[in-house]
Amino acid sequence: MMSIIITLLMNLFIETSVSLTVLVPGDPVVAHVGSTVILPCWISPAQNAEALEIRWYRHDQFNNPVLLYNQGKIQYIQECFRDRSSLTLRSDQSGGLKDGDVSLHLEKLTFQDEGLFLCYVSGDREYDSKEVALSITESSGTWKAHFVSVLIVLVCLILGLVGFILYKYRDKLTGKKPGEESCEEEKAVDVTIDRQRVCPNLTVSQDGKSVKHAPDYKHTGEAFPYKLCAFGAQRFSSGRHYWEVELAVPPNPSKNYWLIGVTKEGNVILRDRYALTPLNGFWFLYSKGPNGFHTNTNPPVKLPLTPRPERLGVLLNYYEGQLSFYNVKERKHLLTIKTKFPGSVRPLFSPGAGDQSEIRILDCTKPAEPAADSSQPLLKKSGAV
């Protein structure tokens with residue numbers, strides 16, 4: 001009991017000791033149409049930002065950033081800002097990323113660029129963001145600036161229309177219907193259970209692939225036994241990752257009680273079920289036997305899943321902030337939870353209580369090329385941190 005209390009206190013200290021602070025100018029940055037501008041943003045106290053995630057984005061476009069830097073390089077630039085945006089120094093005295101300078105460089109400004117730009121910086125356990133206001137004024141050669149603005153808008157509209165058409169008719173182009181992705185078609189990853197962080201009332205196989213509650217465990221009450229959880233040994237802070245969990249391990253029938261999802265790195269399982277929320281870094285789908293299937297979103301959602309899944313597919317799309325679930329044998333997309341992941345996350349598993357069956361994580365072969373995501377979001381942003 002004392003060890004659990006100490007672990008909780010240490011976790012609370014880590015989670016609340018945020019030392020990363022993002023600073024920006026207090027006044028709007030003013031620039032002319034067609035000119036170049038620097039949107040200053042830096043970390044205080046100064047620290048090396050090369051290993052952090054740096055995300056510049058417009059209002060309500062977190063998942064479609066102007067520029068995304070992660071894992072030591074720029075990973076993504078929005079089409080409208082391609083070839084005219086980069087990370088830069090806010091002054092000649094700046095030490096760049098090594099000194100915490102994460103300023104944004106923009107070229108060939110248009111009137112459409114005016115507005116708020118958000119500078120978001122995050123590490124494994126800390127993050128912060130601030131807004132920079134950009135004001136665009138006219139200059140000599142205004143007709144050229146308007147021409148550039150109109151041209152960029154037209155290019156964005158055309159690219160958006162092409163993307164929409166490809167998405168709308170992807171089933172005809174690929175011969176598959178939305179939600180038919182399987183283990184062989186997604187960015188499959190080998191997931192195992194961390195045997196060092198397992199509830200003492202759980203039994204984990206030697207290969208870290210199977211888990212069930214201990215034979216002598218006695219569950220009391222009707223509530224789901226949330227403390228019977230195990231963490232994945234792998235953690236993810238970028239990309240798309242897919243794994244499958246067998247819920248009907250022969251000769252047993254499909255399980256009636258289970259919990260599957262992801263949790264923020266560093267979390268421990270709490271006894272209070274009301275603490276297992278997206279706000280605290282937990283996202284999952286769970287089965288309560290005859291009481292049906294539920295999400296832990298706010299508000300919670302009850303799903304009439306029929307037939308009961310025998311194999312559950314989980315697709316984590318980190319950059320898009322999506323956690324999707326699939327009935328693999330029925331080739332059916334069940335739901336997608338849309339949120340914003342605060343740093344690294346780990347897979348989360350629980351065999352529940354009420355039946356003796358185990359759940360088993362399957363081995364999936366990584367494909368040569370990842371397929372495009374065609375999951376349909378059913379749950380919008382909920383409890384994002």
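The legends below describe close-up views of cysteines and aromatic rings in a predicted model. Local features need pLDDT of at least 70, side-chain atom pairs count only at pLDDT 80 or more, and totals for chains, interfaces and linings use all residues. Residues are numbered from 1 along each chain as its sequence is written, and side-chain values use heavy atoms, with hydrogens and water left out.

**View 1. The disulfide of Cys-41 and Cys-119.**
A disulfide is a covalent bond between the sulfur atoms of two cysteines. Here the term is applied to a pair of cysteine sulfur atoms within 2.5 Å. One disulfide turns up in a search of the whole structure. The sulfur atoms of Cys-41 and Cys-119 are 2.2 Å apart. This pair links distant parts of the chain, 78 residues apart: Cys-41 is in the loop between strand 3 (37-39) and strand 4 (42-44), and Cys-119 is in strand 10 (residues 115-122). Strands (E, at least two residues) are DSSP runs, numbered from the N terminus. The angle about the S-S bond is -85°, and the link of Cys-41 and Cys-119 is left-handed. Cys-41 is buried, at 0% relative accessibility, and Cys-119 is buried at 0% as well. Buried means under 20% relative accessible area (1.4 Å probe, protein chains only), exposed means over 50%, and partly exposed lies in between.

Cys-199 is buried, with a relative accessible area of 13%, and Cys-229 is buried at 3%.

**View 2. Aromatic pairs.**
Rings of Phe, Tyr and Trp (its six-membered ring) pair if their centres lie within 6.5 Å; planes under 30 degrees apart count as stacked, over 60 as edge-to-face and the rest as tilted. The count comes to eleven aromatic pairs. One of them is tilted: the ring centres of Trp-258 and Phe-293 are 5.8 Å apart, with the planes at 50°. Trp-258 belongs to strand 17 (residues 257-264) and Phe-293 to strand 19 (residues 293-295), 35 residues apart. Both Trp-258 and Phe-293 are buried. Phe-284 and Tyr-286 form an edge-to-face pair, 5.7 Å centre to centre, with 65° between the planes. Phe-284 and Tyr-286 are also buried.

**View 3. An aromatic cluster and two charges over rings.**
Tyr-57, Phe-62, Tyr-120 and Tyr-127 form one aromatic cluster. A charge sits over a ring if NZ of Lys or CZ of Arg is within 6 Å of the ring centre and within 35 degrees of the ring normal. The charged end of Arg-55 sits over the ring of Phe-62, 4.1 Å from its centre. Arg-90 lies over the face of Trp-42, 4.3 Å from the ring centre.

How values were computed
Helix = DSSP H or I, 4+ residues; strand = E, 2+ residues; numbered from the N terminus.
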